[in-house]
Every structure is written in structure tokens, then in C-alpha cells.
Amino acid sequence: MTDTPQIATETPATEHTTLDIHDIMRILPHRYPFLLIDRVTDLVRMKRIVAIKNVTMNEPFFAGHFPDMPIMPGVLIVEAVAQAGGALLLTEIPDREHKLMVFTGIEKARFRRPVVPGDQLRIEVEVKAWRGDAVRMQGIVYVEDKKVAEAIVTCRLVDRDRGRSAQPEPDDTAAPE
């Protein structure tokens, strides 16, 4: 048994896959309090994913948004869409431990109803375009059968080392003669 889900090599393109929180944490780099999907109920390689986020009163953002009427921030709902899409796409990347999926755009974001503690988000993400290291996805978020939010997100794969200052290798730091 391997530590990394082998979706890219073992699952036919038409087969549906599910992922538990342990699988998700092997795919995504996010951790508490910023991991915003709890389970994947359906994944069709390179096409679509359905993820679940259980919203609880214990979420750290509810302390300030808003103390007397807790509402999940819309930007975090859109982030959950991106994380679900990232879980879908990163299953296709063999060296994903060296990559990050970062936002490059958010379009047509709409928030229809407030998301409150006790809600369970069903996040449905469909790939609209995928070229090389860039992807465009449409996400629709439901609580029960009611649409609460939607957005089109674009993301790009980047090397994890990008943006870090280059550290010289030990051999490069030898004193001059």
C-alpha cells in the first residue's frame, strides 16, 4: 500500500472515485485551520469533483465574522471551491509534492444565501479548460438543494520553491583562496 493515492495511474477516466480526509491531506498542502474540504464524494478524472465541507461553530473565522450572527466568509467559500478543484487536478500531477496550485483569477462570484454553523456545503467543480499548468473551473456550492454560491476560478501550478530566495549550496560557500 502506498502513502499517495494512485488515482492518476490506477483509475480509468470514466470511473468515479471517493476520497476521505487522509487522502485529501496527502494531495493538498493545506492544513487546519485552512483546509476547507472534508471529503470527496465523487471524482471523475480531469472533469469534475464533488466535495463536502461540514461547517461547525468551532471554525476560527466565526469568532469575528460575525460574533452575534456567524456567517462563513464568501472568500472562504470560493477558497473551498479552489481546494476541491486542486484536489481534482493535483491527482494528475506525479510530482505534486513539489508544486502548489495558486489562484490567478476569480470571476462571476455570487453569494446567494448565508452559510452558517451546522450547514454542510456540497461543492461541485467542473473543469472548463485545462492547458498545461493552467486551469479554469466553475464551482457551484449548495446547502441541501439550495445554491448558496458560485464562481469561476482560474489557477496555475507553480513550483513550491518559486519566490523563495535561492540559498547557496554548501559547495558554493567555500572561502576564496
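**Exposure, fold and core of a predicted model**

Trainee: Is E144 buried or exposed in this predicted model?
Mentor: The cut-off for exposed is over 50% relative accessible area. E144 has a relative accessibility of 66%, so this residue counts as exposed.

Trainee: In which loop does E144 lie, and what is its phi?
Mentor: E144 belongs to the loop between β6 and β7. Most residues other than glycine have a negative phi, and most peptide bonds are trans. E144 is a residue other than glycine with a positive phi, near 55°.

Trainee: What pattern does the chain follow along the sequence?
Mentor: The secondary structure comprises three helices and seven strands. Read along the sequence, their pattern is α-β-α-β-β-α-β-β-β-β.

Trainee: Which element supplies the largest share of the largest nonpolar core?
Mentor: This core has 42 residues, and among those touching the most other members are I37, M72 and V141. Elements that each supply at least two residues include α2 (21-27), β5 (120-131) and β6 (134-143). The largest share, ten residues, comes from α3.

Trainee: Is M72 buried or exposed?
Mentor: M72 lies in the loop between β3 and α3. Leaving aside neighbours within four places in sequence, its contacts include V55, F61, F62 and L121. Buried means under 20% relative accessible area. M72 has a relative accessible area of 3%, so M72 is buried.

Trainee: How far apart in space are A129 and M46, C-alpha to C-alpha?
Mentor: A129 lies in strand β5 and is buried, with a relative accessible area of 17%. In sequence, A129 and M46 are 83 residues apart. In space, their C-alpha atoms are separated by 9.8 Å.

Trainee: How much space lies in the largest cavity?
Mentor: A search of the whole structure finds one cavity of 30 Å³ or more. Residues lining the largest cavity include L89, I93, M101 and W130. The space in the largest cavity is about 50 Å³.

Trainee: What is the omega of the cis peptide bond from H65 to F66?
Mentor: The peptide bond from Y32 to P33 is cis, with omega near 5°, and P33 lies in the loop between α2 and β2. F66 lies in the loop between β3 and α3. For the cis bond from H65 to F66, omega is near -10°.

Technical notes. Residues are numbered from 1 along each chain as its sequence is written. This is a predicted model: local features need pLDDT of at least 70, side-chain atom pairs count only at pLDDT 80 or more; totals for chains, interfaces and linings use all residues. Side-chain values use heavy atoms; hydrogens and water are left out. Helices (H or I, at least four residues) and strands (E, at least two) are DSSP runs, numbered from the N terminus. A nonpolar core is a set of buried Ala, Val, Leu, Ile, Met, Phe, Trp, Tyr and Cys residues joined through side-chain atoms within 4.5 Å. Buried means under 20% relative accessible area, exposed over 50%, partly exposed in between (1.4 Å probe, protein chains only). On a 1 Å grid over the protein atoms alone, a cavity is a set of points where a 1.4 Å probe fits but cannot get out, and a pocket is an open set with protein on both sides within 12 Å along at least five of seven lines; lining residues have an atom within 4 Å of a point. Grid points are joined across faces, edges and corners, and a volume is the space filled by probe spheres set on the points. Contact means heavy atoms within 4.5 Å.
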